[in-house]
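This report is written for a reader who is meeting the structure for the first time. Please view the sequence and the model together before reading on.

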Amino acid sequence: DMNHFLDIHKTDAADLRGIIDQAAQTKAARAGKPKAALDEDQPLKDRMVALIFEKPSTRTRVSFDVGVRQMGGQTMVLSGKDMQLGHGETIADTARVLSRYVDMIMIRTFDETVLTEMAEYASVPVINGLTDRTHPCQIMADVLTFEEHRGPIKGKKVVWTGDGNNVCASFLHAAGQFGFDFTFTGPSQFDPEEEFMGFARKKGSKVVIERDAFKAVEGADLIVADTWVSMHDAQSAKERRHNMLRPYQVNAELMSHAKPDALFMHCLPAHREEEATSEVMDGPNSVIFDEAENRLHAQKAIMRWCLGT
Ligand code: CP
Ligand code: NVA
């Protein structure tokens with residue numbers, strides 16, 4: 001039974017829960033082992049996985065590559081620019097060709113239709129490694145990280161600061177699927193798309209927009225920041241974005257208005273002293289490097305689910 005992992009709202013809530021629990025289990029099972037030690041059951045034995053990048057990456061690239069190898073599989077990392085895909089070959093043809101060589105495809109791209117078309121024409125599972133609109137693997141790692149530190153995320157209050165971007169969108173999907181409340185604080189030009197907020201609301205989550213960052217974080221269990229200029233944003237807009245988003249910087253003062261044990265997350269890469277201060281990023285409530293590590297564990301569980309192994 002094969003599954004694509006395209007987005008959190010497109011995946012059954014019970015399956016999402018299963019993926020998180022599986023990730024926690026396999027993480028615990030290999031605690032203390034060297035990084036390249038094989039998992040005992042080798043669920044990806046004899047499998048080949050293609051990792052396609054049309055944008056830069058550190059975490060996604062390394063965590064998928066290491067994860068596949070730990071599970072006994074093999075990887076190839078492909079740059080979109082160097083593929084015929086980047087020179088006019090259709091996505092559909094690329095998907096059909098790759099399906100003859102590999103057992104699974106992970107792709108990081110710009111336009112979300114590249115991902116959905118790849119999934120439509122591939123006969124192997126396709127995984128979303130980030131598009132301009134969403135970043136589901138990141139938020140699976142974030143849910144895992146929250147629950148490791150604070151127990152069930154259901155019913156908790158998550159506050160997103162700054163730009164209502166692709167990572168924020170997947171957080172809203174997760175709010176709906178895992179049953180937590182979500183507050184966005186940022187300028188109105190940067191509000192998350194209505195579609196994402198609507199999904200979470202329809203699933204019963206309380207979704208709030210609060211322009212005052214200090215009010216927004218009251219009672220927060222988790223505060224999240226991300227870059228003010230994403231890979232898909234025009235560099236020419238950088239200064240204007242910075243000027244508008246600066247009031248939403250996560251600093252020690254803002255953190256002091258949340259619950260005393262509120263966690264801080266950032267998917268990274270970060271621009272220190274911009275969207276968040278080093279004082280917060282390296283402070284006692286920050287779990288940013290656990291998040292990065294958990295990309296590995298969450299994605300291993302996602303890949304197993306995709307292949308039904
Ligand atoms: N968080 C994240 O996806 O990082 P990379 O861009 O380094 O993959
Ligand atoms: N919002 C950021 C996330 C990077 C992992 C971007 O899309 O550039």
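The sections below treat the model, the ligand surroundings, the annotations, the helix packing and the backbone.

## Basis of the report

The model is predicted: local features need pLDDT of at least 70 and side-chain atom pairs count only at pLDDT 80 or more, while totals for chains, interfaces and linings use all residues. Residues are numbered from 1 along each chain as its sequence is written, and chains are lettered from A and ligands numbered from 1 in the order in which they are written.

## Surroundings of the ligands

The shell around ligand 1 consists of S57, T58, R59, T60, L130, Q138, C267, L268 and P269; a residue is near a molecule if its C-beta atom, placed from the backbone, lies within 6 Å of it. By class, this shell holds 4 nonpolar, 4 polar and 1 charged residues. Here Ala, Val, Leu, Ile, Met, Phe, Trp, Tyr, Cys and Pro count as nonpolar, Asp, Glu, Lys and Arg as charged, and the others, Gly among them, as polar. Ligand 1 lies between domain 1 (8–134 + 295–307) and domain 2 (137–291), because both give residues to its shell; the domain bounds come from an automatic or database domain assignment.

Around ligand 2 are L130, N165, N166, V167, D226, T227, S230, M231 and C267. Its shell has 4 nonpolar, 4 polar and 1 charged residues.

## Annotations from UniProt

An unreviewed UniProt entry gives the annotation "domain: Aspartate/ornithine carbamoyltransferase carbamoyl-P binding" for residues 4–148. UniProt positions are given in the numbering used here, feature names are shortened, and annotations may be inferred rather than shown by experiment. In the model, residues 4–148 are 43% helix and 14% strand, and the end C-alpha atoms of this span lie 26 Å apart. Helices (H or I, at least four residues) and strands (E, at least two) are DSSP runs, numbered from the N terminus.

The unreviewed entry also places the feature "binding site" at N166, D226, S230 and M231. These residues are spread over 66 residues of sequence, yet they cluster in space, with a largest C-alpha distance of 11.7 Å. S230 belongs to the loop between β8 (222–225) and α9 (238–245).

## Packing of helices

Helix α3 (residues 91–101) packs against helix α4 (residues 112–121) at an angle of about 45°, with their axes 8 Å apart. Axes are lines fitted to C-alpha atoms, for helices over the stretch in contact, and angles run from 0 to 180 degrees between N-to-C directions. The helices α3 and α4 are therefore oblique to each other; angles under 35 degrees count as roughly parallel, over 145 as roughly antiparallel, 65 to 115 as roughly perpendicular and the rest as oblique.

Helix α5 (residues 136–150) and helix α12 (residues 288–307) have axes that come within 8 Å and cross at roughly 115°, so α5 and α12 are roughly perpendicular to each other. The axes of α1 and α12 also come within 8 Å, crossing at roughly 125°. This makes α1 oblique to α12.

## Backbone features

Most residues other than glycine have a negative phi, and most peptide bonds are trans. Q42, in the loop between α1 (13–29) and β1 (48–53), has a positive phi near 40°. L268 and P269 are joined by a cis peptide bond with omega about 5°. P269 is located in the loop between β9 (263–266) and α11 (278–281).
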